[in-house]
Amino acid sequence: MVKCSVIYEAVKDSLTMAQVEKRGGLLRKSSAYKKPLKEKVVLMYDEIFMTEDPSKCSPRFWEELFLMKVNLEYLEGKLESLDGEELMKIKDNINCLFQHCIQALGEEHPIRVVNALQTLCALIRGVHQKNKSTSGFDIINMLMGFDKAELCMKNLMESLDSLLCAEGSESLKSLCLKLLLCLVTVTDNISQNTILEYVMINSIFEAILQILSHPPSRREHGYDAVVLLALLVNYRKYESVNPYIVKLSIVDDEATLNGMGLVIAQALSEYNRQYKDKEEEHQGGFFSALTNMVGSMFIADAHEKISVQTNEAILLALYEAVHLNRNFITVLAQSHPEMGLVTTPVGPAPATPATPLGTTPPSSDVISSVELPLDADVQTSNLLITFLKYSSIVMQDTKDEHRLHSGKLCLIILTCIAEDQYANAFLHDDNMNFRVNLHRMPMRHRKKAADKNLPCRPLVCAVLDLMVEFIVTHMMKEFPMDLYVRCIQVVHKLLCYQKKCRVRLHYTWRELWSALINLLKFLMSNETVLLAKHNIFTLALMIVNLFNMFITYGDTFLPTPSSYDELYYEIIRMHQSFDNLYSMVLRLSTNAGQWKEAASKVTHALVNIRAIINHFNPKIESYAAVNHISQLSEEQVLEVVRANYDTLTLKLQDGLDQYERYSEQHKEAAFFKELVRSISTNVRRNLAFHTLSQEVLLKEFSTIS
């Protein structure tokens, strides 16, 4: 072991000088008569901001600079304080600083590397702030010069790649990832960030995969690595060939894919845990007692208070993995212990900044807990279950814009899953039964279901439960039409698989039928208000065709003949709703208004439902009259239905089991561009370079093998 005593003492001296630093780099006055002193690193920064080359008078200037503790605040502030013209005058010195930072990354002394990484972060962020102004100079030219940009970025990316893949300091790897996140998010619209062209050419994809496949690295850096990958995948994804998209789509290494899945599961589990903690806190407090006394009038407010900030960044990573990589589908079903049930070491919680979009990674305790061996007494879970629980929380409240975006992305991910043959195979597998405790929105007319009474069922039942829950709880003034359409599409795609593979799923289909009929009633009762904003006939047609799917093909996928009888019973019982719908669409289809064509499609789709109602209703009325019964029981109605199937005539409707496959580029490009912009802004805002204590680094690097 070699003691780096000279470097250690030099940096210790600079730390001692910086103990009492204030904003602007000034030291506190020791008395009223002494002039304020500047710490040495600030004086060196000031020399860089002169037009002269600082190394002319001091040949060891750059060597000494990277031994000094970086003053991020002063350096960024100085860059921001200069106007474009002033900055152009010192462009050569900025270029020189940038190049020396890159050179320092190859130094054998880690403290120089750390200071170089932090200086690069300050430079990139400071120059970016000026780039937003009217001065109009190019950020690449300002940082490194057009003529040297290609070589500079090649050297930078190679150095970062080496540091990330080496078996060295975890602190260095952390800073490398933060620098890369800083580089990627330097503009709100990452597709306008020209520096990323060099990140595309000099790929760090393999370094990211290595972090995800190696458990110790994954625990420390997995979150940042996954978010970085999700952002890089979205660079100009519609305009050019993005190598990160190509490479992600063909990854087939099991350890890497499982590692990525674990990082995503941990982040989503942390969100679910925070929500559950807040929920329990409110249920056991004064507010809960007050609500019980007064009634349920405050339920909505209580729900609002227990909301936890969503995590779009990690959700985007899950989407890209599911959408781009068929092999990742297997990771969704990979079993691990239920994270909320694993006991984690009790210790002081680290202070983390508030993050509007949940860009803070989960605690290391949570990350390590998932990799504990399975216990027979612990409920097993998987990424899909964790995701469904997460979805059930964020989809409760779609009034907030971020939650609306999260809810939409959850439904898009479920759409991709519902279209995948392999995903459907394990969703419907009778040998893979789980107890999935979805969160349900507090509502006045229903009691909260007891968690212990939940049965173990195939995972597709939890997906259907989630869709039914959404349908029931979002019939409101600000009607989320787009989310409803996606929700019905997910149900339809699952039914198409069941019909195709003749899967007889034991599910409480009545809950779905009842929810769909209530949705139709809502559309009709709010016709005028909704038609002012939405084409409600598109949704109505989808709902009617779901019923047509059950009527036409139900005998191939409903669990028992009595289930098919119950379908007819529900249609007959709620015949007034279907009659009212027919009257509404007939009225609009016979007028020459804008809804004529859309309404007429619903009219034609109702033909079999109307045939069932018109066939059975007279027979039920006749049965009641003959037997002198004023009101028939369900069993009596079912008896009439079973006795009169033979004389019922239905029309064969084509295309009920066909659907248009999901396509991001043609329909969702605008949504993802806005989502990535929002994530980029928040990742940049919440990047914290100052959290790395210089004293800790000195202790880590004071002895080098």
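Reader: Is Phe426 buried or exposed, and what is its relative accessible area?

Author: The model is a predicted one, in which local features need pLDDT of at least 70 and side-chain atom pairs count only at pLDDT 80 or more, while totals for chains, interfaces and linings use all residues. Residues are numbered from 1 along each chain as its sequence is written, and side-chain values use heavy atoms, with hydrogens and water left out. With buried meaning under 20% relative accessible area, exposed over 50% and partly exposed in between (1.4 Å probe, protein chains only), Phe426 is buried, at a relative accessible area of 4%.

Reader: Which geometry does the aromatic pair of Tyr422 and Phe426 have?

Author: Rings of Phe, Tyr and Trp (its six-membered ring) pair if their centres lie within 6.5 Å, and planes under 30 degrees apart count as stacked, over 60 as edge-to-face and the rest as tilted. The structure holds 22 aromatic pairs; in the one formed by Tyr422 and Phe426, the centres are 5.7 Å apart and the planes make an angle of 70°, so the pair is edge-to-face.

Reader: Which ring does the charged end of Lys237 sit over?

Author: A charge sits over a ring if NZ of Lys or CZ of Arg is within 6 Å of the ring centre and within 35 degrees of the ring normal. Arg610 lies over the face of Tyr582, at 3.7 Å from the ring centre. For Lys237, the charged end is 5.6 Å from the centre of the ring of Phe672.

Reader: Which helix gives the largest share of the lining of the second largest cavity?

Author: On a 1 Å grid over the protein atoms alone, a cavity is a set of points where a 1.4 Å probe fits but cannot get out, and lining residues have an atom within 4 Å of a point. The second largest cavity holds about 60 Å³ of space, and its lining includes Ser392, Met441 and Phe470. The largest share of that lining, 4 residues, comes from helix α24 (residues 459-473).

Technical notes. 1 Å grid on protein atoms, 1.4 Å probe; cavity = no way out; pocket = protein on both sides within 12 Å on 5 of 7 lines; lining within 4 Å. Points joined across faces, edges and corners; volume = space filled by probe spheres on them. Helix = DSSP H or I, 4+ residues; strand = E, 2+ residues; numbered from the N terminus.
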